[in-house]
Amino acid sequence: MGVGWNSETAILTPGDVTGDGNADVLGRDTAGRLRLCPGNGAGRFLSRRQIGNGWKTMMAVTSAANLNGAGRPDLIARDVSGDAWADILARDTTGSLRLYRGSGTGRVGGRTLVSPGWAAMTALVNPGNWDRAAGNDLLARDAAGPCGFIRATTPAV
């Protein structure tokens, strides 16, 4: 399906990021570039292209199925606790959880602070509507190993 995936530190399957009806794949490389591999609908990718920078500070990243109610796949990420970038932009050194809204055009929209205090969480997963309540939910694992459930509201932030 392709070469060069060994430089990816995260691989995400958010769904149709480009709005063409085909499943797409996102990757974050060791330099912190977010790259889109558009699916062609026949089990292959079109040319990979960079769609963002600065993702190296995001330690836990997951694709999220329409967390904000806009009908497009979103991304959720937790930034590095105490990182200078987070200090400058967020004035927060506790590891912030951030929502990146899907645009439906192959780009990632602006980010929104969901909440601070996520420094202990080392992994995030969005299983969709986990508990059949309104909205998509988030599962998080902390450094000690326990997994927690976070119920999202619809629409989220």
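Read along the sequence, the protein runs β-β-β-β-β-β-α-β-β-β-β-β. That comes to one helix and eleven strands. The model is predicted. Its mean pLDDT is 76, and 73% of residues reach 70 or more.

**Confidence**

One stretch calls for care. Over residues 82-93, pLDDT stays under 50. The model still has 18 contacts for this stretch beyond four places in sequence. Where pLDDT is low, the predicted coordinates should not be read in detail.

**Overall numbers**

The protein has 157 residues, and 39% of them count as buried. Its accessible surface comes to about 7900 Å². Carbon and sulfur atoms account for 54% of that surface. Among contacts between residues at least 6 apart in sequence, 33% join residues at least 24 apart.

**Nonpolar cores**

The largest nonpolar core has twelve residues. Among them are Leu-12, Val-17, Leu-26, Leu-36, Ile-51 and Ala-77.

Not counting residues up to four places away in sequence, Leu-34 touches Leu-26, Gly-27, Arg-49, Gln-50, Ile-51, Gly-52, Trp-55, Leu-75 and Val-108. A second, separate core has eight residues, including Ile-76, Leu-97, Leu-99 and Leu-124.

**The aromatic pair**

How many aromatic pairs does the model contain? The count comes to one. The ring centres of Trp-55 and Tyr-100 lie 4.5 Å apart, with the planes at 40°, so the pair is tilted. Trp-55 sits in the loop between β4 (49-52) and β5, while Tyr-100 is in strand β7 (residues 97-102). The pair therefore ties together parts that are 45 residues apart in sequence. Trp-55 and Tyr-100 are buried.

**Cys-147**

Is Cys-147 buried or exposed? Cys-147 has 56% relative accessibility, so this residue counts as exposed. Cys-147 lies in strand β11 (residues 147-150). Leaving out residues up to four places away in sequence, Cys-147 touches Leu-139, Ala-140 and Arg-141. Ala-123 is 24 residues from Cys-147 along the chain, and their C-alpha atoms are separated by 9.0 Å.

Methods:
Residues are numbered from 1 along each chain as its sequence is written. This is a predicted model: local features need pLDDT of at least 70, side-chain atom pairs count only at pLDDT 80 or more; totals for chains, interfaces and linings use all residues. Side-chain values use heavy atoms; hydrogens and water are left out. pLDDT is the predictor's confidence in each residue, from 0 to 100. Contact means heavy atoms within 4.5 Å. Helices (H or I, at least four residues) and strands (E, at least two) are DSSP runs, numbered from the N terminus. Buried means under 20% relative accessible area, exposed over 50%, partly exposed in between (1.4 Å probe, protein chains only). Accessible areas come from the Shrake-Rupley method with a 1.4 Å probe; for residues, only the protein chains shown count as cover. A nonpolar core is a set of buried Ala, Val, Leu, Ile, Met, Phe, Trp, Tyr and Cys residues joined through side-chain atoms within 4.5 Å. Rings of Phe, Tyr and Trp (its six-membered ring) pair if their centres lie within 6.5 Å; planes under 30 degrees apart count as stacked, over 60 as edge-to-face and the rest as tilted.
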